[in-house]
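Have a look at the structure first, then read on.

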Amino acid sequence: MLQLEGQHSGQAKMFDGAQPLFVFGVIADVQYANVDNGSNYLKTRRRYYRNSVTLLHDAVEHWNGIAPHFIVQLGDLIDGLNKKHNFSAKALEIVMKEFQRCRTKIHHVWGNHEFYNFTREYLMSSILNSKVLESALDDISVNPEDHAAEAAIYSYHFSPTPSFRFVLLDAYDLSVLGRKAPSKKYNQSLKILQDKNKNQNLNCPPEGQCGTEQRFVQFNGGFSKEQLSWLDKILTYADKNLEKVTIISHLPVHPDSTDPICLAWNYEEVLSVLHSHKSVVCFMAGHDHDGGYHMDHRGIHHVTMEGVIETPPDTNAFATVYVHQDRMILKGVGRVSDRIMLYPST
Ligand SMILES: Nc1ccn([C@@H]2O[C@H](COP(=O)(O)OP(=O)(O)OC[C@H](O)CO)[C@@H](O)[C@H]2O)c(=O)n1
């Protein structure tokens, strides 16, 4: 019997008859706000702001019956509308009350809506910083200069059981959201945006552009060189130790797994790091509320989770993932489809 890090007593329920090595839950874009139902900016999708916390409640009830070893919350937990109503802290308290009923550990990713509500400094010392759940790795040496830069990046990794690792990435490391003007990263991010997007409102995609060029909008962001070099080190360690790695991020990085308007600015650089390592098996993201999926040419599964906020009250949008030696079985609830994800052959 494998020893699971931080495992609470009891065994997660089996899904398909075979005993999984471990089980985790995943949910994205709850975006709770204490306001009436509304829509997205283009008025093409309905948003159920108050009900989203009820769907989170139902997800937690479901998970409490399964006892997963941890939950991954993919960002945008509360909507930016809370800020306008001076309700950010209260809204966070309301959603966290639901998570606190969950008898397992929660790993929180940060999305654009976290930065509409809170500063990066506030988030670093808040309940949404789950870096305390990081696994220590003495053999990964980090030079002191890199270390100083990394301190302002919210990324970490953990190993729930030997041979498996999860890496949580900060997709707003390069962003005009959460970076103070005129800091180096703010200036660098504004330049990336303004070089590509000539609109007054930088949340509107660049005029006349279609496809992946639409990603240069303010509600997206990217990954700094320091973060990518840190990721490269973790993946080198994982390769050497024959681990299987799942990466979690608010922003997707594969154009075929999402509406391209939701892609990370430097998604190509991230893909190039992932493809230079044999350990990566899955990349999970949120942000595109319609969800998406693509298995890339290297066999990496790119899962974009459907957003709770655009999920009608009579259904839901979350998943439980059963991890086996040769595959992950994703069991979706409501709008999320079931998937069997075999690991790429090495
Ligand atoms: N053309 C646009 C689009 C958006 N905005 C404003 O930007 C903020 C964020 O938009 P929002 O749709 O809430 O962001 P999500 O993270 O929920 O979703 C991302 C993608 O839209 C999914 O497709 C908000 O303040 C909008 O009003 C804008 O000004 N112009």
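Helices α8 and α9 run roughly parallel to each other (an angle under 35 degrees), because they pack at an angle of about 15°. The model is predicted, so local features need pLDDT of at least 70 and side-chain atom pairs count only at pLDDT 80 or more, while totals for chains, interfaces and linings use all residues. Residues are numbered from 1 along each chain as its sequence is written.

**Helices α8 and α9**
- Helix α8 covers residues 225-240 and helix α9 covers residues 267-275, with their axes 10 Å apart.
- Here helices are DSSP runs (H or I, at least four residues), numbered from the N terminus, and axes are lines fitted to C-alpha atoms over the stretch in contact, with angles from 0 to 180 degrees between N-to-C directions.
- The crossing of α8 past α9 is right-handed, that is, the near helix is turned clockwise from the far one by less than a right angle.
- Leu-228, Leu-231 and Asp-232 of α8 meet Glu-269, Val-270 and Val-273 of α9, where contact means C-beta atoms, placed from the backbone, within 7 Å.
- This contact has 4 nonpolar, no polar and 2 charged residues; Asp, Glu, Lys and Arg count as charged, Ala, Val, Leu, Ile, Met, Phe, Trp, Tyr, Cys and Pro as nonpolar, and the others, Gly among them, as polar.

**Helices α1 and α3**
- The axes of α1 (residues 52-64) and α3 (residues 88-100) come within 9 Å and cross at roughly 15°.
- α1 and α3 are therefore roughly parallel to each other, and α1 passes α3 in a right-handed crossing.
- On α1 the contact involves Val-53, Leu-56, His-57 and Val-60, and on α3 Ile-94, Val-95, Glu-98 and Phe-99.
- By class, these residues are 6 nonpolar, 1 polar and 1 charged.

Technical notes: Helix = DSSP H or I, 4+ residues; strand = E, 2+ residues; numbered from the N terminus. Parallel < 35°, antiparallel > 145°, perpendicular 65-115°, else oblique. Contact = placed C-beta atoms within 7 Å.
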